Amino acid sequence: MFVAVCLVLGGAAGTNSISDEESGVRESGKAGKIVHSGDFPEKPEENVLITAEDGGKLDPAAGREAAADVVERMKALDEVAGVGDPVPAPDGKALLVPVTMKGDTENADRRVQPLLDVGASVEEAHEGLRVDEVGTGSTAKGLGETLGKDFEKAELISLPLTLLILLVVFGAIIAAGVPVVLALSCVGAAIGLSTLASHALPETSAVSNVILLMGMAVGVDYSLFYLKREREERRAGKSHVAAIEVAAETSGHTVVVSGTTVIVAMAGLYLANEATFASLATGSIIVVAVAVLASLTVLPALFAKLGRWVDKPKVPLLWRLTMRSGESRVWPALLRPALSKPLTTLIVSVGALLLLAVPALDMKLKQPGSDDLSRDIAVVQAMDRLTEHFPSKGTVHQVAVRAPADRADDVKTALTDLLERTAKDRLFAHDSTPTIKVSEDRRVHTVDVGTPYQPKSDGARESLDLLREWVPQAMADVPGAESAVGGKVAQGVDFTGHLKERMPWVVGFVLLLTFVTMVMIFRSIAVALSAILLNLLSAAAAFGALVVVFQHTWAEGFLDFHSSGAVVSWLPLFLFVVLFGLSMDYHVFVVSRIREAALDGATTRTAVREGITRSAGVVTSAAIVMVGVFAIFGTLSMVEFKQLGVGLAAAILLDAVIIRIYVLPALMTALGKWNWWPGKLSGGRGEPTAVPDQADPSSRLTDGQPQYVGFAAEQQYGQPTQQQHDQQPYHQGGHADPYQQSGTYRHDAPRPGHYQQ
């Protein structure tokens with residue numbers, strides 16, 4: 001009902017999307033605001049390009065005949081508002097027919113198909129010619145279809161892959177389905193709630209993808225935490241309800257802590273002071289909060305209702321593997337170096353991660369552009385042919401000027417002089433004369449100045465810098481004029497600079513709040529500091545891996561991309577907060593199990609071994625699910641999604657393997673009792689907390705009775721197991737009585753003050 005209500009309310013309210021005016025930063029943002037204030041009518045523009053099929057010189061007569069055919073057919077379409085005269089390319093190899101569509105630009109891709117059909121029919125009617133179409137609607141449609149197919153493929157692979165991994169983990173179909181169903185329910189509710197939230201904070205189109213990514217990650221994780229603990233308690237002999245109660249007290253507590261740390265990390269994006277990041281932060285926080293709420297309410301209720309059915313129907317071989325009794329031999333063997341030689345293991349493992357992080361020092365940031373798109377996409381090939389013959393249609397700088405209406409003639413004169421200056425410089429395109437546009441109120445003027453260079457090239461950046469130097473000079477004699485240079489190149493440069501400026505604030509905020517949260521939860525400065533340092537280490541190593549793969553060309557063939565020699569500018573900041581949140585998720589779970597064993601009185605070495613061994617199955621399973629899903633993003637066409645997928649998968653893999661198996665146990669073993677500084681653990685196995693007052697007659701026992709030492713946990717009597725011997729149980733001296741005490745915590749016993757320091 002909750003999910004349904006969220007979706008219905010969200011659908012009724014509709015989405016308030018981020019406008020161009022709200023999304024810009026620095027000078028390009030100012031240019032966008034100036035243009036927006038001019039209230040220019042936005043009409044979808046299409047460009048029909050006619051070239052020789054073999055790429056050679058275009059036959060003039062055949063070209064004119066095909067162009068006339070295009071003009072005639074386009075004018076007959078209801079979707080077309082106007083058709084311009086054919087324009088020959090300076091190199092004589094192409095003709096361009098400009099077409100203006102009716103309607104707005106937002107939905108042009110849904111109305112452009114009849115125009116594409118005209119282009120296809122003209123090409124078929126004129127042998128030896130190629131007819132391409134590039135523009136507002138056709139480009140959006142071509143890229144949208146490619147991305148749509150990519151995401152369909154990702155969804156078709158990711159859900160079955162997740163279910164298969166969970167089936168191996170649990171060995172039962174219902175148990176494997178619960179995490180996926182819970183995660184998808186959280187995603188549905190969060191999408192509805194984020195739509196409502198968009199009326200307070202405008203939403204970017206990518207927020208639903210981020211909600212799906214984060215929702216599946218934390219939703220599956222929290223279900224795994226809960227279900228594995230509940231099953232562990234049932235195997236220890238508890239009733240079904242008692243097992244759920246213990247899972248609620250332990251794993252439920254961990255879910256709250258983990259959710260809080262993830263929310264704190266994602267909240268850091270608000271300090272980026274940019275609308276897109278604020279939208280992503282809002283969507284992520286909502287889905288994590290919903291996942292925590294569901295894990296504390298729906299999950300235990302579902303387990304209580306399902307009862308023993310949660311382990312039905314069983315998959316025979318997998319069920320037997322998951323229900324094997326006894327301690328795993330694999331994890332103690334993997335942990336042996338960290339436990340036996342902690343300092344050596346710590347130095348080697350940290351050194352390896354630092355070595356992997358070194359390339360991150362050479363990280364270069366750039367915004368993604370058309371030159372990052374796969375050249376296998378048809379519309380991208382058409383864009384390349386268009387910009388080859390008409391450079392001014394490719395990379396464009398937008399000059400925007402706002403001045404009093406009575407100064408309109410002065411502004412137009414200044415812009416005309418500016419265009420004459422650009423016409424003499426090689427950094428700008430000369431295949432056509434730019435057109436100056438004036439708003440109805442004559443207060444705003446804009447003009448697009450093209451450059452023959454690709455958006456990420458040095459030439460494009462040089463042309464931008466030169467134009468930003470010339471525009472203020474041109475407007476210096478116009479009183480009250482304000483000017484700015486925008487466009488795709490300017491947006492990329494400004495956005496990258498803005499993020500570099502804001503990143504220290506975001507990182508500092510996340511680190512500080514995470515530290516405070518961890519200190520409040522664990523009452524230990526040492527645990528909080530180690531958590532932050534280890535997660536910084538894994539994030540740095542992931543950034544190093546990202547640079548090694550995407551700033552060089554060796555992986556181009558393997559991952560099917562073209563290296564631009566840079567990392568997408570928004571990725572490091574977004575990756576940092578996501579990785580920090582998800583890594584803390586694991587860290588809190590593992591340290592909670594170690595602390596639980598330490599509270600039961602185990603030595604540090606034993607607590608580390610028990611805590612990691614008991615949590616290894618859950619952490620490994622969740623990591624495999626995440627790495628599998630994130631790796632699928634590496635197969636998508638867009639380079640930003642490739643980098644996102646590879647970065648997330650590498651970070652989770654490094655965190656689950658090197659950090660959790662070597663660095664964390666080695667560090668905690670080396671620290672010993674200092675792990676819990678400045679607090680200290682109360683009571684526990686082999687640690688007497690109180691001895692009955694000998695002055696009290698009721699405490700005096702006869703010589704024939706064993707004397708019992710008070711323990712924080714309820715006592716367990718009987719012959720100790722080998723594990724209990726290892727944990728140094730107390731033996732009553734002077735008696736051959738079989739009663740022997742071990743402080744081993746009985747999970748079915750009351751747990752007063754278990755989390756008390």
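Helices are DSSP runs of H or I of at least four residues, numbered from the N terminus. The legends below describe a predicted model.

View 1. F576 and F580 are each buried.

**View 2. Aromatic pairing of Y226 with F303.** Five aromatic pairs occur in the structure. In one of them, Y226 and F303 adopt a tilted arrangement, with 6.1 Å centre to centre and 50° between the planes. Y226 is part of helix α9 (residues 207-235) and F303 is part of helix α12 (residues 298-306), so this pair ties together parts that are 77 residues apart in sequence. Y226 has a relative accessible area of 1% and is therefore buried; F303, with a relative accessible area of 1%, is buried as well. A further pair, that of F576 and F580, is tilted because the ring centres are 5.4 Å apart and the planes are at 35°.

**View 3. Strand β10 and its pairing with strand β7.** Strand β7 (residues 395-402) pairs with β10 in the antiparallel sense, over six bridges. V401 has S483 of β10 as its bridge partner. Of the six residues of β10 (residues 482-487), five are buried, so the strand is largely enclosed by the rest of the structure.

**View 4. A nonpolar surface patch that includes V5.** V5 is located in helix α1 (residues 2-13). Its relative accessibility is 42%, so V5 counts as partly exposed.

Terms used: Residues are numbered from 1 along each chain as its sequence is written. This is a predicted model: local features need pLDDT of at least 70, side-chain atom pairs count only at pLDDT 80 or more; totals for chains, interfaces and linings use all residues. Side-chain values use heavy atoms; hydrogens and water are left out. Buried means under 20% relative accessible area, exposed over 50%, partly exposed in between (1.4 Å probe, protein chains only). Helices (H or I, at least four residues) and strands (E, at least two) are DSSP runs, numbered from the N terminus. Two strands pair if DSSP finds at least two bridges between them. Patches are made of residues with over 30% relative accessible area and no salt bridge: like charges are joined within 9 Å, nonpolar side chains (Val, Leu, Ile, Met, Phe, Trp, Tyr) within 5 Å. Accessible areas come from the Shrake-Rupley method with a 1.4 Å probe; for residues, only the protein chains shown count as cover. A salt bridge is a side-chain nitrogen of Lys or Arg within 4 Å of a carboxyl oxygen of Asp or Glu. Rings of Phe, Tyr and Trp (its six-membered ring) pair if their centres lie within 6.5 Å; planes under 30 degrees apart count as stacked, over 60 as edge-to-face and the rest as tilted.
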